[in-house]
Amino acid sequence: MVAVLSRLASAAMLATAVFPAFLVLGFLTIGPDIIKSWTKVAPHEIFGITTNGIHRHMLSWEHLKVAGFLATFSGFNFALVSASDARLREAVNDSAGDLVREASAVRPGPRHEIATADADPASESDSCAAAPTKE
């Protein structure tokens, strides 16, 4: 179960990283004329700038849809490959197993130190020496 969740988390992180990369790529390369020729409607612009009075760089809803699709596809592809590739699956299982083993390990160190400090009479303060004694 931990290995599956680890793979899904890795796929989600990959998709999260791919999404802005495709947004930047679309912003720099795909202009309104290309969007109009592909969709047959005018693009729905969110943000745009014109450089040198010639080329229009813009971010549109169409860019968001395509980047979202490509990021989701990349995440699913990574999840499939990591589940089916034996070498990658072994690496993920090894690291997940080590993580679970480390997280559930019992650490007796601090408890042992407290017990040792309580049993050590030299570590007690001198306030006990001033206590009255029976004669």
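**Notes on the predicted model**

1. Of the 135 residues in the chain, 19% are buried (buried means under 20% relative accessible area, exposed over 50%, partly exposed in between, with a 1.4 Å probe and protein chains only). This is a predicted model, in which local features need pLDDT of at least 70 and side-chain atom pairs count only at pLDDT 80 or more, while totals for chains, interfaces and linings use all residues. Residues are numbered from 1 along each chain as its sequence is written, and side-chain values use heavy atoms, with hydrogens and water left out.

2. The chain has five helices and two strands, and their order along the sequence is α-α-β-β-α-α-α. Helices (H or I, at least four residues) and strands (E, at least two) are DSSP runs, numbered from the N terminus.

3. The largest pocket holds about 260 Å³ of space. Its lining consists of 14 residues, of which Ile30, Trp38, Glu62, His63 and Val66 are the closest to the centre. Helix 1 (2-29), helix 2 (32-39) and helix 3 (61-84) are the elements that each give two or more residues to this lining. A pocket here is an open set of points on a 1 Å grid over the protein atoms alone, where a 1.4 Å probe fits, with protein on both sides within 12 Å along at least five of seven lines; lining residues have an atom within 4 Å of a point. Points are joined across faces, edges and corners, and the volume is the space filled by probe spheres set on them.

4. His63 lies in helix 3 and is buried, with a relative accessible area of 8%. His63 and Phe22 are 41 residues apart in sequence, yet their C-alpha atoms are 8.4 Å apart in space.

5. Ile46, Phe47, Ile49 and Trp61 form a nonpolar patch on the surface, with about 400 Å² of accessible area together. Strand 1 (residues 45-51) gives the most to this patch, with three residues. Ile49 lies in strand 1 and is partly exposed, at 36% relative accessible area. Accessible areas come from the Shrake-Rupley method with a 1.4 Å probe.

6. Lys40 lies in the loop between helix 2 and strand 1. Its phi is near 65°, a positive value in a residue other than glycine. Lys40 is exposed, with a relative accessible area of 66%.

Notes
Patches are made of residues with over 30% relative accessible area and no salt bridge: like charges are joined within 9 Å, nonpolar side chains (Val, Leu, Ile, Met, Phe, Trp, Tyr) within 5 Å. A salt bridge is a side-chain nitrogen of Lys or Arg within 4 Å of a carboxyl oxygen of Asp or Glu.
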